[in-house]
Amino acid sequence: MSSDTLLHTPLHALHLELGARMVPFAGYSMPVQYPKGLMAEHLQVRASAGLFDVSHMGQLRLEGPDAAAAFETLIPVDVLGLGIDKQRYGLLLAENGGILDDLMFVNRGEHLFVIVNGACKVADIAHMQAHIGARCAVVPMSGHGLLALQGPKAVDALARVVPNVEKLVFMTGGAFDWNGAALYITRSGYTGEDGFEISVPEPWAESLARALLEQPEVLPIGLGARNSLRLEAGLCLYGNDIDTTTTPVEANLNWAMQKVRRTGGARAGGFPGAAKVLAQLDGSTPVERKRVGLIALARVPVREHTALQSSDGEAIGEVTSGLLAPSVDKPIAMAYVRTEFAALGTKINAIVRGKAVPMEVAPLPFTPPRYHRG
């Protein structure tokens, strides 16, 4: 896609003013890094606070009294049991049990507020309108930006700008007013740190971003550090670590499927691919591969699509995300390997430029999460 056909977020001019290096991402011109560089940005978020523009992501509302029940027909998640202003991670599934997208949603009482990935949002909204549009209104929120403020000092910075936000705990949200703008803020994010995601009407997005960047704890952070932070946190990137060829069980996302939707639960099944996914969950169908964490035993970065072999040279899988992790200070990766090689401590080889790099299956996440649970 040429630069003149790329979409711009409401913060585009601010990114240029701040000296960002812009790249095409999900159809948008997005900042990959600022002048301080990826390493400094990554460590800033781990130590203090960083502001991300994630306005390329899709925001929508599911409206109507049947919205929660309708949404349960698309995802293997407990929607009906979710309390007001509580947030959950969800997986939009295909008929083969593969993952169409991963998403976040909040019960806002009068509607469900849903955030989907930028590259998938057009297809996701069309999918929802086709499958549940007769049961609830699927309303894209095209006039809203989305900011993520992440890091251990994010709460200090945001509470000065938006008082009372400190009362939120992890995976809860609330409505706030800022200079006449109706914000919806959740205490969540995709870095493994404490932090917030802020849905803001577009006319206020840039002024809110500037107010946050004026706080001494906060620096702007690009997509490069967002990727390294989420990988250290063991979090999947759609299109890399999960896609329509991976089921939730293969992806090690069993925790995202509550008991009420599983075999024997009050609302078991009823979602696309349920027979396959539930059989994998309860062990009646064996899973041939699993997503695992890997740490390299040599200081050689191992990138996505790198082939993995057993010690006797047998092909056993492939890396889906990998880099030299700034906080861990080691090369780390996520990969799919044959189930018999998925046990912690298993030694395998990554083939980098024809040479074997020894790796070990390691627990996820690579860095301990620091979510604020109250």
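This is a predicted model: local features need pLDDT of at least 70, side-chain atom pairs count only at pLDDT 80 or more; totals for chains, interfaces and linings use all residues.
Two strands count as paired if DSSP finds at least two bridges between them. In strand E17, methionine 334 is the bridge partner of serine 321.

- Strand E15 (residues 307-309) pairs with strand E16 (residues 315-325) over three bridges, in the antiparallel sense.
- Within this pairing, glycine 317 in E16 stands opposite leucine 308.
- Five residues separate the strands of the E15 and E16 hairpin, where glycine 313 has a positive phi near 85 degrees.
- E16 also runs antiparallel to strand E17 (residues 330-338), with eight bridges joining them.
- The hairpin of E16 and E17 has four residues between its strands, and aspartate 329 takes a positive phi near 60 degrees there.

**Five-stranded sheet**
- Five strands form an open sheet in the order E5-E6-E7-E4-E8, with antiparallel pairing.
- Strand E5 (87-93) and strand E8 (137-140) each have a single partner strand, so one side of each edge strand lacks a neighbour in the sheet.
- On average, neighbouring strands of this sheet are turned by 30 degrees against each other, direction ignored.
- E5 and strand E6 (residues 99-107) run antiparallel and are joined by seven bridges.
- The bridge partner of leucine 93 is isoleucine 99 in E6.

**Nonpolar cores**
- The largest nonpolar core has 28 residues; Leu147, Leu158, Leu183, Ile185, Leu208 and Leu212 touch the most other members.
- Two or more residues come from each of strand E3 (49-53), strand E9 (144-150), helix H5 (154-161), strand E10 (173-178), strand E11 (181-186), strand E12 (195-201) and helix H6 (202-213).
- Leaving aside neighbours within four places in sequence, leucine 212 is in contact with Leu51, Leu147, Leu149, Leu158, Val161, Ile198 and Val218.
- Another core, of 25 residues, lies apart from the largest one and includes Ala251, Ala256, Val277 and Leu278.

**Largest pocket**
- The volume of the largest pocket is about 800 Å³.
- It is lined by 38 residues, of which Phe25, Arg226, Asn227, Arg230 and Leu237 are the closest to its centre.
- Strand E1 (21-25), E6, strand E7 (111-116), helix H7 (223-232) and E16 each give two or more residues to the lining.
- H7 supplies the largest share of that lining, six residues.

Conventions
Residues are numbered from 1 along each chain as its sequence is written. Side-chain values use heavy atoms; hydrogens and water are left out. A nonpolar core is a set of buried Ala, Val, Leu, Ile, Met, Phe, Trp, Tyr and Cys residues joined through side-chain atoms within 4.5 Å. Buried means under 20% relative accessible area, exposed over 50%, partly exposed in between (1.4 Å probe, protein chains only). Contact means heavy atoms within 4.5 Å. Axes are lines fitted to C-alpha atoms, for helices over the stretch in contact, and angles run from 0 to 180 degrees between N-to-C directions. On a 1 Å grid over the protein atoms alone, a cavity is a set of points where a 1.4 Å probe fits but cannot get out, and a pocket is an open set with protein on both sides within 12 Å along at least five of seven lines; lining residues have an atom within 4 Å of a point. Grid points are joined across faces, edges and corners, and a volume is the space filled by probe spheres set on the points.
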